[in-house]
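User: I am new to reading protein models. Can you take me through one, feature by feature?

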Amino acid sequence: RRGDAVYASRPYFIPIPPLLFLTGTLGAVIRIREAFPTRRVLFDIGVAGPIAGFVVLVPALFLGMTLSNVVPAPTEGPVLFLGEPLLFKIATYAVFGTVPDASTVNIHPMVFAAWFGMLATALNLLPFGQLDGGHITYATMGRWSTPISLATVGIAVAMTFISVSWLIMTLMMVAMLFAFGPRHPRVIDEDEPLD
């Protein structure tokens, strides 16, 4: 370690058969091999990944949208709808203008990759444990991060009763809760303020 650098592993990707999950992966885990020196370093680590991902994913979304096309809305057969996040609505409007009611955008695989990357980034920003959102919460709120993490798991469990789409993330958070406990690891210098 030099200065504010933290010794960490390369990403360990979590594979899953594509038949079970469309992307073939549940993301990646990075192992931090030493204690975080300060809350400022922890905060920087928590925000760096999501910002870097966003910088790559937004251009990929717009480029992929230019490779997509508008088609008549399907009336039969298997169809996968991804929902319409605000950024996707903006990209669709920027490329195609207003899409007629009886039509839909047949997205290019690059758009799907951008959608999945943004979904994974959003889930990673949940204020839980050792996710990036948990790092940010601990760096800004200290010991209050533990009840916030527990509340996040409780809300995720409740969300599984509303939508089964929360099931995989909830199971991952519950597994992390049992494996690592509810508390975020402390930093070496708790007293250094955030800049």
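User: Which helix holds aspartate 132?

Analyst: First, the ground rules. This is a predicted model, where local features need pLDDT of at least 70, side-chain atom pairs count only at pLDDT 80 or more, and totals for chains, interfaces and linings use all residues. Residues are numbered from 1 along each chain as its sequence is written, and side-chain values use heavy atoms, with hydrogens and water left out. Helices (H or I, at least four residues) and strands (E, at least two) are DSSP runs, numbered from the N terminus. Aspartate 132 is found in helix α4, which covers residues 132–141.

User: Is aspartate 132 buried or exposed?

Analyst: Buried means under 20% relative accessible area, exposed means over 50%, and partly exposed is in between (1.4 Å probe, protein chains only). Aspartate 132 has 14% relative accessibility, so it counts as buried.

User: What does aspartate 132 touch?

Analyst: A contact means heavy atoms within 4.5 Å. Leaving out residues up to four places away in sequence, aspartate 132 touches Ile45, Gly46, Pro50, Asn124 and Leu125. Now the chain as a whole: among contacts between residues at least 6 apart in sequence, 71% join residues at least 24 apart.

User: How many helices and strands does the protein chain have?

Analyst: There are 6 helices and 4 strands. Along the sequence, their pattern reads β-β-α-β-α-β-α-α-α-α. The C-alpha trace spans about 60 × 35 × 30 Å along its principal axes. Of the 195 residues, 28% count as buried.

User: Which element has the lowest mean pLDDT?

Analyst: pLDDT is the predictor's confidence in each residue, from 0 to 100. Where pLDDT is low, the predicted coordinates should not be read in detail. Here, strand β2 (residues 25–29) has the lowest mean among the elements, 73. Helix α5 (residues 145–162) has the highest, 95. The chain averages 86, and 94% of the residues score at least 70.

User: How many salt bridges does the structure hold?

Analyst: A salt bridge is a side-chain nitrogen of Lys or Arg within 4 Å of a carboxyl oxygen of Asp or Glu. The structure holds 2. In one, arginine 40 pairs with glutamate 192, and their closest N and O atoms are 3.0 Å apart. This pair links distant parts of the chain: arginine 40 is in helix α1, glutamate 192 is in the segment after α6 (167–180), and they are 152 residues apart. Arginine 40 counts as buried because its relative accessibility is 18%. Glutamate 192 has 21%, so it is partly exposed. Arginine 186 forms a salt bridge with glutamate 190, at 3.3 Å between the closest N and O atoms. At 49% relative accessibility, arginine 186 counts as partly exposed.

User: How many aromatic pairs does a search of the whole structure find?

Analyst: Rings of Phe, Tyr and Trp (its six-membered ring) pair if their centres lie within 6.5 Å; planes under 30 degrees apart count as stacked, over 60 as edge-to-face and the rest as tilted. The search finds 1 pair. Phenylalanine 112 and tryptophan 115 are stacked, 5.7 Å centre to centre, with 25° between the planes. Both lie in helix α3 (residues 109–124), 3 residues apart, about one turn of the helix.

User: Where does valine 55 lie?

Analyst: Valine 55 lies in helix α1 (residues 39–66). With 54% relative accessibility, valine 55 counts as exposed.
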